[in-house]
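This report goes through a protein model part by part. Have the sequence and the structure at hand while reading.

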Amino acid sequence: MNAHVADTHEHHGPEKGLMRWITTTNHKDIGSLYLWFSLIMFLIGGVMALIIRAELFQPGLQFVDPQFFNSMTTMHALIMIFGALMPAFVGLANWMIPMMIGAPDMALPRMNNWSFWILPFAGTLLVATLFVEGGAPASGWTMYPPLVLQTGAAFPMLIFSVHLLGFSSIMGSINIIATIMNLRAPGMTYMKMPLFVWTWFITAYLLIATMPVLAGAVTMLLTDKYFATSFFDAAGGGDPVMFQHIFWFFGHPEVYILILPAFGIVSQIIPTFARKPLFGYSSMVYATASIAFLSFIVWAHHMFTVGMPVAAELFFMMATMLIAVPTGVKVFNWVSTMWRGSMTFETPMLFAIGFVMMFTIGGFSGLMMAMTPIDFQYHDTYFIVAHFHYVLVPGAIFSVMAAVYYWLPKWTGNMYDESLGKFHFWISTIFVNILFFPQHFVGLAGMPRRIPDYSVQFTDFNMISTVGAFGFGLSQLLFVYIIIKTVRGGEKATDQVWEGAEGLEWTLSSPPEYHTFTVQPDVK
């Protein structure tokens, strides 16, 4: 142990410059690296979304050709999911979990460094597909065969990038599980852990269980294209629908991987600003575990239209409706936590309340799509796009923003500009609804997704949607400005930034020292 402490002193010393960031094994440094990487990818993915919306401003082909348009939809999704959201949550986990459970660092600090440094290369490889002959993959993020097999030289790059991104996720998850199981402070039992720790604990198991499934599916695609196998080629006795089953067996738990840490963040923030403990802590833990379990048995609700037996459709319909129960428990508990609390509405709380309201809209439209016969009408229309964006943008992304505003004073020692933060919340909320709400209407009217041109009757709602997209996109530049301004200085944050913070109170100075091996935190 002494050698280990000496080793960390040597690594976490005050040396500045590039090498510190490349070689760091400090969980706070690595958390910051993840968060900066995810911010960059968020902006790149956002520019791609704006290209999509600019093309859809009016019917007809204005700016890009259809192949490039489809590449944009594919790349936007892959970059936002694997480049922006997942690294953001892993960054928050790296920063906060050791401090929340009283651990000196993550359990496997060098693997932590490695799992981050894979990401910039994987992300670069993914973005680089735009510059190779034959163009970027244009198959949607689902990479369905036979369409994806028509990708040119970008195909092996796409597959390798997905493997690397998955590899990074699995290593990060192993690290989180090892940390939570082995490094909790004395007295920190499982049922005393903050909910953010719990949601990540469960999410990490989901990642370890599902990423290898995706790796297997994309490897089979690779051998279909280059090694004359026919897993998904009907001419050779394969079945393209089998790919959909394998993909969604990964893909459905994946959407919960993107939302469970968000539930954890909101469950930290709401009690703080309502100034009372979280309502129904243990039911929240069990609800999270139930959602994780159920996420594995509902995958085929993404494929109601492939011609499944009616018995299978019935099963997947019922199981999907069942997921609404633990999710409803969570929403009920958040609202009950706020009920008769002494609420104040600082920026993190605004984002958390915005999350609860708009995530619930996404949840209700999801419940609509769970009904098999109705889903036949919704399938592959803009209604689906509206549904999952309500879950992922004012849902997952708002929760990340809430977390940044909530913990930025802890991370930097400086207070962010509250009035700018509130302004950022309001313009983001207004524009995100202008952007996605009209898509419900064009979807119900029958506008298909993933097409660069559309019938003239959908024009008005599409124009509104595009205006919302540019408004929302530009508002995020304010977010970047607020973060940089806070990092560079400002009013000093006190030791206890948010008064009445429920759960663990840290008596360390803020921001915490570089290595906390010597300092035993007082857990109250």
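Helices here are DSSP runs of at least four residues, numbered from the N terminus. The model is predicted. By that numbering, Phe470 lies in helix H16.

Phe470 is partly exposed, with a relative accessible area of 33%. Together with Leu43, Leu474 and Leu477, Phe470 makes a nonpolar surface patch of about 350 Å².

**Salt bridges**

How many salt bridges does the structure hold? There are three, and the table lists each pair with the distance between nitrogen and oxygen.

| Arg20 | Asp29 | 3.0 Å |

In the pair of Arg20 and Asp29, the side chains meet. Asp29 has a relative accessibility of 5% and counts as buried because the cut-off for that word is under 20%. Arg20 is buried as well, with a relative accessible area of 10%.

Arg449 counts as buried at 17% relative accessibility, whereas Asp380 is partly exposed, with a relative accessible area of 37%.

Because Lys485 lies in helix H16 and Asp417 in the loop between H14 and H15, the pair ties together parts that are 68 residues apart in sequence. Lys485 counts as partly exposed at 34% relative accessibility, and Asp417 counts as partly exposed at 23%.

**Two helices side by side**

Two packed helices are described by the angle between their axes and the distance between the axes. For helix H7 (residues 195-226) and helix H9 (residues 260-274), the axes come within 7 Å and cross at roughly 175°. Why are H7 and H9 described as roughly antiparallel? Angles over 145 degrees count as roughly antiparallel, and H7 and H9 are therefore roughly antiparallel to each other.

Residues of H7 that meet H9 include Leu195, Phe196, Trp200 and Leu206. On the H9 side, the residues that meet H7 include Leu260, Pro261, Phe263 and Gln268.

Leu260 belongs to helix H9. Is Leu260 buried or exposed? Leu260 is buried, with a relative accessible area of 0%. Leaving aside neighbours within four places in sequence, Leu260 is in contact with Thr199, Ile202, Thr203, Leu206, Thr288 and Ile291. From Leu260 to Thr203 there are 57 residues in sequence, and their C-alpha atoms are 6.6 Å apart in space.

**Two further buried residues**

Ser169 is part of helix H6 (residues 154-182). Ser169 is buried, with a relative accessible area of 13%. Not counting residues up to four places away in sequence, Ser169 touches Met86, Leu207 and Met211.

Gln244 has its place in helix H8 (residues 240-257) and counts as buried at 15% relative accessibility. Apart from neighbours within four places in sequence, Gln244 is in contact with Tyr144, Met303 and Val306. Gln244 and Val356 are 112 residues apart in sequence, and the distance between their C-alpha atoms is 31 Å.

**Backbone exceptions**

Most residues other than glycine have a negative phi, and most peptide bonds are trans. The peptide bond from Pro145 to Pro146 is cis, with omega near 0°. Pro146 sits in the loop between helix H5 (109-128) and H6.

Met143 is also placed in the loop between H5 and H6. The phi of Met143 is near 55°, a positive value in a residue other than glycine. Met143 counts as buried at 1% relative accessibility.

Ala228 is found in the loop between H7 and H8. The phi of Ala228 is positive too, near 60°. At 74% relative accessibility, Ala228 counts as exposed.

Notes: Residues are numbered from 1 along each chain as its sequence is written. This is a predicted model: local features need pLDDT of at least 70, side-chain atom pairs count only at pLDDT 80 or more; totals for chains, interfaces and linings use all residues. Side-chain values use heavy atoms; hydrogens and water are left out. Patches are made of residues with over 30% relative accessible area and no salt bridge: like charges are joined within 9 Å, nonpolar side chains (Val, Leu, Ile, Met, Phe, Trp, Tyr) within 5 Å. Accessible areas come from the Shrake-Rupley method with a 1.4 Å probe; for residues, only the protein chains shown count as cover. A salt bridge is a side-chain nitrogen of Lys or Arg within 4 Å of a carboxyl oxygen of Asp or Glu. Helices (H or I, at least four residues) and strands (E, at least two) are DSSP runs, numbered from the N terminus. Buried means under 20% relative accessible area, exposed over 50%, partly exposed in between (1.4 Å probe, protein chains only). Axes are lines fitted to C-alpha atoms, for helices over the stretch in contact, and angles run from 0 to 180 degrees between N-to-C directions. Angles under 35 degrees count as roughly parallel, over 145 as roughly antiparallel, 65 to 115 as roughly perpendicular and the rest as oblique. Contact means heavy atoms within 4.5 Å.
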